[in-house]
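Please walk me through this model, residue by residue.

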Amino acid sequence: MVSLGCPKNLVDAEVMLGCLAKDQYEITTDEHDADIIIVNTCSFIKEAKQESIDTILDLADRKQDGNCKLLVVTGCLPQRYQEELAKELPEVDIFVGTGDYPRIAEIIAEKRQSDEQLRYVGDPNFVYDETLPRLKSSPAYTTYLKIAEGCSNCCSYCVIPSLRGAFRSRPLDSLLQEARELVASGVKEVNLIAQDVTAYGRDLPGRPSLETLIKELAALDGLQWIRLLYAYPDGITNSLIQTIKEEEKVCKYLDIPIQHISDPVLKRMNRRSSEAEIRALIEKLREEIPDIALRTSLIVGFPGETEEDFRKLLHYVEEVQFDRLGVFCYSREEGTPAAEMPDQVSERLKRERHKKLMRAQARVSFKRNRRLIDTTEQVIVEGLSDETDLLLKGRSSRQAPDIDGQVYITAGSANVGDIVTLRITDSSDYDLIGEIVA
């Protein structure tokens with residue numbers, strides 16, 4: 001199994017692996033040894049689509065130089081382009097959409113009775129629950145908990161609603177049962193994910209809130225860190241801020257994709273927050289939780305983005321100083337309102353603006369990391385450093401898995417999965433260096 005794209009995609013891949021393992025399939029990490037290869041794809045933006053296609057074509061070669069007899073493509077790419085893919089990729093034996101992946105074992109069994117290329121792409125309305133098996137691929141001490149599926153925000157640049165359907169929350173009891181099982185298996189860190197975690201519960205009977213879910217999770221013995229990813233600005237209420245502040249197990253970390261700061265651009269993006277509201281929110285968060293680490297995502301080169309709009313965004317990044325920041329060049333996706341907007345920005349200008357923002361953020365990140373020197377951080381130990389076997393590596397509670405930097409541990413010993421107190425002794429643009437405190 002090769003899973004591409006976001007952590008939400010990874011959870012789908014783990015459910016597929018769980019279903020296959022339950023059906024007596026043996027999982028291998030050697031693509032040359034595998035009889036069946038599954039590529040779980042992403043098609044959110046142009047670069048993700050290209051990565052998916054390149055991966056499919058590369059793994060199709062295992063039919064010639066490996067044991068591969070079935071090549072299966074699942075996820076967002078077939079959900080969006082099933083007709084085109086069927087014509088362009090005859091190497092693929094089965095296409096499976098975002099609503100049919102739990103049937104993966106049954107689908108493969110059906111393929112044994114047919115020599116034709118098969119497609120299982122229906123409405124993307126499925127929501128998995130705790131009754132489905134899940135073979136976790138992340139380290140034993142950490143995991144993602146997908147609390148909802150789909151999205152109803154309808155940003156003008158985004159294809160997610162068409163790929164994943166409207167926002168659908170998982171019932172509270174289902175989430176708590178899965179969380180109990182994960183903690184019982186050794187999980188210490190749970191990262192809550194959805195397209196918009198702040199929308200959790202609005203569509204459920206009784207409207208359980210994200211705050212309720214957090215408090216129930218915090219009561220689980222053995223669970224030590226709870227992290228919130230993808231919190232839309234207009235959904236971050238005073239109540240949620242207080243919950244993050246007061247619950248000790250909640251990492252003082254929040255991922256808030258603001259996308260831009262210029263009001264004309266935000267309006268064309270169909271975002272619900274204005275510049276004034278975003279500024280007030282960041283100020284409120286830092287006032288209530290002074291040590292909070294804030295991450296955001298930005299888009300440059302959106303249709304109609306003027307030099308003045310970009311300058312405002314650049315100055316805001318330098319001014320507000322997010323701890324973590326990701327920048328995307330706008331991707332013109334067919335079927336979205338933004339794709340039809342006038343004043344499309346050239347690829348060259350997008351790249352220039354992307355480079356300027358990332359340079360500015362590198363300076364900001366370095367400056368904010370230097371502030372942590374001689375302070376202590378809680379760090380989860382992840383094993384030996386990739387650079388040298390003489391150092392341990394880990395992540396602080398201020399760093400989410402896979403997307404943020406690392407901590408290099410120069411003194412002290414600990415086991416993988418231990419959460420230790422580290423004194424920060426040095427830093428780089430994105431990483432920290434420190435010593436375990438006895």
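Q: In which loop is Gln259 found?
A: This is a predicted model, in which local features need pLDDT of at least 70, side-chain atom pairs count only at pLDDT 80 or more, and totals for chains, interfaces and linings use all residues. Residues are numbered from 1 along each chain as its sequence is written, and side-chain values use heavy atoms, with hydrogens and water left out. Helices (H or I, at least four residues) and strands (E, at least two) are DSSP runs, numbered from the N terminus. Gln259 sits in the loop between β11 (250-255) and α10 (263-268).

Q: Is Gln259 buried or exposed?
A: Buried means under 20% relative accessible area, exposed over 50%, partly exposed in between (1.4 Å probe, protein chains only). The areas come from the Shrake-Rupley method, and for residues only the protein chains shown count as cover. Gln259 has a relative accessibility of 9%, so it counts as buried.

Q: What is the phi of Tyr230?
A: Tyr230 lies in the loop between β10 (225-228) and α9 (238-246). Tyr230 counts as buried, at 18% relative accessibility. Tyr230 is not a glycine, yet its phi is positive, at about 65°.

Q: How far apart in space are Leu163 and Ser43, C-alpha to C-alpha?
A: Leu163 is placed in helix α6 (residues 160-164) and is buried at 1% relative accessibility. Contact means heavy atoms within 4.5 Å. Not counting residues up to four places away in sequence, Leu163 touches Ser43, Cys76, Gln79, Arg80, Thr98 and Pro124. Leu163 and Ser43 are 120 residues apart in sequence, but their C-alpha atoms are separated in space by 8.9 Å.

Q: Which residues does Lys49 contact, leaving aside its neighbours within four places in sequence?
A: Lys49 is in helix α2. At 14% relative accessibility, Lys49 counts as buried. With those neighbours left aside, its contacts are Cys42, Ser43, Leu77, Arg80, Tyr81, Glu333 and Glu334.

Q: How many residues apart in sequence are the parts tied together by Glu31 and Arg62?
A: A salt bridge is a side-chain nitrogen of Lys or Arg within 4 Å of a carboxyl oxygen of Asp or Glu. Glu31 and Arg62 form one, with their closest N and O atoms 2.6 Å apart. Glu31 lies in the loop between α1 (7-22) and β2 (36-41) and Arg62 in helix α3 (residues 62-65), so the pair ties together parts whose separation in sequence is 31 residues.

Q: Which helix holds Glu319, the salt-bridge partner of Arg279?
A: The side chains of Arg279 and Glu319 meet at 2.8 Å, N to O. Arg279 belongs to helix α11 (residues 275-288), so the pair ties together parts 40 residues apart in sequence, with Glu319 in helix α12 (residues 307-320).

Q: Which residues form the negative surface patch that includes Asp54?
A: Patches are made of residues with over 30% relative accessible area and no salt bridge; like charges are joined within 9 Å, nonpolar side chains (Val, Leu, Ile, Met, Phe, Trp, Tyr) within 5 Å. Lys and Arg count as positive and Asp and Glu as negative, with His and the chain ends not counted; the charge is placed at NZ of Lys, CZ of Arg, CG of Asp or CD of Glu. Asp54 is partly exposed, with a relative accessible area of 42%. The patch is formed by Glu51, Asp54, Asp58, Asp61 and Glu91.

How values were computed:
Areas by Shrake-Rupley, 256 points an atom, 1.4 Å probe, with all protein chains shown as cover.
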